[in-house]
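This note sets out points for a colleague who is meeting the structure for the first time. Please read it beside the sequence and the model.

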Amino acid sequence: RCKNLSVSFWNSYWMLPSDVCGMNCFWEAAFRYDYMETHPSEKMHLAVVACGERLEETVTMLRSAIIFSIKPLQFHIFAEDQLHESFKDILDDFPYEGKVNYTLYPITFPTESAAEWKKLFKPCASQRLFLPLILKNVDSLLYVDTDILFLRPVDDIWSFLGKFNSTQIAAMAPEHEEPRIGWYNRFARHPYYGVTGINSGVMLMNMTRIRRKYFKNDMTPVRLQWGEILMPLLKKYKLNITWGDQDLLNIMFFHNPESLYVFPCQWNYRPDHCIYGSNCKEAEEEGIFILHGNRGVYHDDKQPTFRAVYEAIKNYSFGDDLVHSLLQPLELELRKTMHTYCGRVYKVFVKQLTKSIRDLYARRSKG
């Protein structure tokens, strides 16, 4: 479709110097993606846990991952048994073109403590803690919550694995940028990482390192491995934690801060980054890379800016022109949200998305 674009449209939309990044950015993107395609590596592994009414939300997240990503994707979908057939029916109709595979798994917890893990925070939420023990043959993994939307290729966050130093085993973003509105630094009754804690909705893991590491802790002078430390942590802190498995991860990385790589807020952009005024400077400069619509904002009218992005990706049909079928309608909807704090900075919601579409068409034109 990109090859058939008229010269006038191509020049007017993609190559104007006044556009988001101009001619130089266009050719840099073309070179970068050409290099990535001619230097293939192992497939990227992405995991999600879906329970209850999260089928549509999960499928929309997977769609966003497929649209822009370059290297092959392997989805690991952990879901309640009654959701498996629905996932199969939907995913088998996706135009994967051989670049995407998926595996469905049941929700499973250690037998002797399954009831405790199931009732921690939300049903199934703590399943993510056991992924290194279940997916024993997976070296590295990107875990995301169901309410995540990718606005640039998964390849780009996957590349952070190559930036880990010798002690780092996982990467997450801070829970807050502004301590005055931070939850952990104001209310937590347990240890937490850094100044404002970390958010586990987007978690990149070198699972080989996780399985090998012995963790410092405040329960015993003996260091414990991942599979040994989870239940003792739950028993010690279960009366003091509010956000379930995320709190346990905060406790673990409080005692092992050298093991965490922290990526900027635009890789896990949540309503807290704009509902009290914009406080993610990286997103203001470069746009949002990964949108996290926690607290159900995709499905109510409290944050229409977030809902507009979700609806645009949910309704996009694979193969349609991304500019006319996704970007332009989305911008029109976002302009209607300018009465809200997040709507006032609506351009950060499309800045990276515009660039991702440009990069995708650059790849196609070279191919």
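How many helices and strands make up the secondary structure of the protein chain?

1. The secondary structure of the protein chain comes to 16 helices and eleven strands. Helices (H or I, at least four residues) and strands (E, at least two) are DSSP runs, numbered from the N terminus. The model is predicted: local features need pLDDT of at least 70, side-chain atom pairs count only at pLDDT 80 or more, and totals for chains, interfaces and linings use all residues. Residues are numbered from 1 along each chain as its sequence is written, and side-chain values use heavy atoms, with hydrogens and water left out.

2. Of the 367 residues of the protein chain, 57% count as buried. Buried means under 20% relative accessible area, exposed over 50%, and partly exposed in between (1.4 Å probe, protein chains only). The accessible surface of the chain comes to about 16200 Å², and 52% of that surface belongs to carbon and sulfur atoms; areas come from the Shrake-Rupley method with a 1.4 Å probe, and for residues only the protein chains shown count as cover. Among contacts (heavy atoms within 4.5 Å) between residues at least 6 apart in sequence, 73% join residues at least 24 apart.

3. Helix α11 (residues 245-255) is largely enclosed by the rest of the structure, because ten of its eleven residues are buried. Among them are Leu248, Leu249, Ile251, Met252 and Phe253. In the loop between α11 and β10 (260-262) lies Ser259, which is buried at 0% relative accessibility. Leaving aside residues up to four places away in sequence, Ser259 touches Thr167, Gln168, Ile169, Ala170, Lys213 and Phe253.

4. The count of salt bridges comes to 18, where a salt bridge is a side-chain nitrogen of Lys or Arg within 4 Å of a carboxyl oxygen of Asp or Glu. One of these joins Lys236 and Asp218 (3.4 Å, N to O). Lys236 lies in helix α10 (residues 226-237) and Asp218 in the loop between β8 (214-215) and β9 (224-225), so the pair ties together parts that are 18 residues apart in sequence. Lys236 is partly exposed at 41% relative accessibility, and Asp218 is partly exposed at 29%.

5. Where does Arg295 lie? Its place is the loop between β11 (290-292) and α13 (304-315). Most residues other than glycine have a negative phi. Arg295 is not a glycine, yet has a positive phi of about 60°. The side chains of Asp272 and Arg295 meet in a salt bridge (3.0 Å, N to O). This pair links distant parts of the chain, 23 residues apart, with Asp272 in the loop between β10 and α12. Asp272 is buried at 5% relative accessibility, whereas Arg295 is exposed at 57%.

6. Further salt bridges deserve mention. Lys336 pairs with Glu333, the closest N and O atoms being 3.0 Å apart; Lys336 is exposed at 56% relative accessible area, and Glu333 is partly exposed at 39%. Glu56, Asp301, Arg307, Glu311 and Lys314 are linked in a network of salt bridges.

7. Arg180 is placed in the loop between β6 (170-174) and α8 (184-187) and is exposed at 67% relative accessibility. Arg180 and Thr196 are 16 residues apart in sequence, and their C-alpha atoms are 9.6 Å apart in space.
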